[in-house]
Amino acid sequence: MSDNQGVPGATGNIGHLYYVRLNTPLGKFYKIGFTTMRSVNDRLAFQGTGDEKYIDEVLYFNFRLGALGLEQSLHSYFSDKAAFHKYSAYVDLPLSRNGQSELYYEDVLELDNKFTPAQAESTRKAVELAITMRTYASEVWAKRVIAFSKIALSSLMVLAKAVGWSIKKIQAIAGIKPAVIEPPASVLEDHKKVRLFLAELKREKMMKNLRQHRELTIFLLIHAFSNRNLEALMKIISIEELGIDIANSIALDLQMFSDYLCIPNNCCMFALMEHMNHANCHELLTKPAADSYVPMIKEFVVMRKISDMSIHLPDDPIYAVDSEHRECDIKFDDYFGAQEFIGLLGCSYISKTPFKHSDTDASVEFSLELEDKETASRFHLRVVASFKKSQPRFTFPNLNELIREYREQREKDSQFAN
């Protein structure tokens, strides 16, 4: 991610901007920093202080133009939230002379899903106690002093508010408008760059969460299938839609108005061919297959077998075989029958490629490597899961081509064996 992507016109040294959560003896802190080194570990270990042992999680580490300038702008923007003052280097506090002034109690960049306000308050109290014990060696006395100071501070705050309210009331009666001091132009420009950067981080975090959700959904789907848990499977996907997706993959090599019309013609289903000329021929042709795959899928998930592999034609005159050609040699099953897939279903799913995300299409692409248990031949099945709707939809490759490849390999292996 470079400065011309979210922080236009940034200048300064080129290097890595990083954001890390540290777990120190006084509690958890967050550090924004810049380094030209290869990692946050190398940066904190550079002076030999051993501070690298406090690294809890690196939340951001990115090479970018103007990283040093952006880091300084971020510290300026969050100056009121800094844990310590600008030149802080106390030996009894974390990261002495190694970036102590760059620490924050709160998750200022909002990249840590584990952060809680209670965590920040706990660290603040530990630091407050450590500072007070510089004067009072007894922890008991130090805590008493802190409690007394808070009571006194609370009283002063009440008084300050009352005085401030009185001053504002007098100004309002006198018609005096309080002066508004505008920050310098350079500060306003720095703050603009920071806000653009924070918006960029927010978008990236949202996309990261979406990707994790999609990957988790696929893992849960695989887990449900592996454990033959049909109920869990049906909470993730629609079996009816999966049947349609499989039927569509079988029909990928069919050409409109040629092979499409050949199927009803060869099966002596002339009424279907006539209807296909005047309606959505793809839906009419694949509907029987899609509907038939639903019970097949359910049975296979639970039993790992398919007892009825027939494509059941709807009870509709348009799917009837012409009365004069009832002894037709070619059946609808010859084109869409599940018997072709039994070999593939019997394969072992031995590996998968890393997920390839498309944020534009809201999809995840991955590949399964199938291995024929008898011949040890391997086939790759590329699957695209679309998350545009509440339940994922799947696009498979041309399964007929994969079946042909599988069948040809089986024949070659059989001839070789003979």
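Start by selecting Phe225, Leu345, Tyr349, Leu381 and Phe396: these residues lie nearest the centre of the largest pocket, which is lined by 31 residues in this predicted model. The space in this pocket comes to about 990 Å³. Now colour the lining by residue type, and you will find 28 nonpolar residues, two polar and one charged.

Which elements build the lining? Each of these supplies at least two residues: the helices α5 (185–226), α7 (239–250), α10 (281–303), α12 (342–345) and α13 (399–417), along with the strands β5 (348–352), β7 (363–371) and β8 (378–386).

Next, stay with α5 and follow it to β1 and β3: α5 lies across both strands and runs at about 115 degrees to β3. From there, show the open sheet of four strands, whose order is β3-β1-β2-β4 with antiparallel pairing. Look at β3 (55–64) and β4, the edge strands: each has a single partner strand, so one side of each has no neighbour in the sheet. Strands of a sheet pair through backbone hydrogen bonds.

Zoom in on β1 (residues 15–24), which is joined to antiparallel β3 by eight bridges.

For the last stop, colour the chain by pLDDT. The mean for the protein chain is 84, and 85% of its residues reach 70 or more.

Technical notes
Residues numbered from 1 in each chain as written. Predicted model: local features only at pLDDT ≥ 70, side-chain atom pairs only at ≥ 80, totals over all residues. Heavy atoms only, no water. 1 Å grid on protein atoms, 1.4 Å probe; cavity = no way out; pocket = protein on both sides within 12 Å on 5 of 7 lines; lining within 4 Å. Points joined across faces, edges and corners; volume = space filled by probe spheres on them. Nonpolar A, V, L, I, M, F, W, Y, C, P; charged D, E, K, R; others polar. pLDDT = per-residue confidence, 0-100. Pairing = 2+ DSSP bridges. Contact = heavy atoms within 4.5 Å. Axes fitted to C-alpha atoms, helices over the stretch in contact; angles between N-to-C directions.
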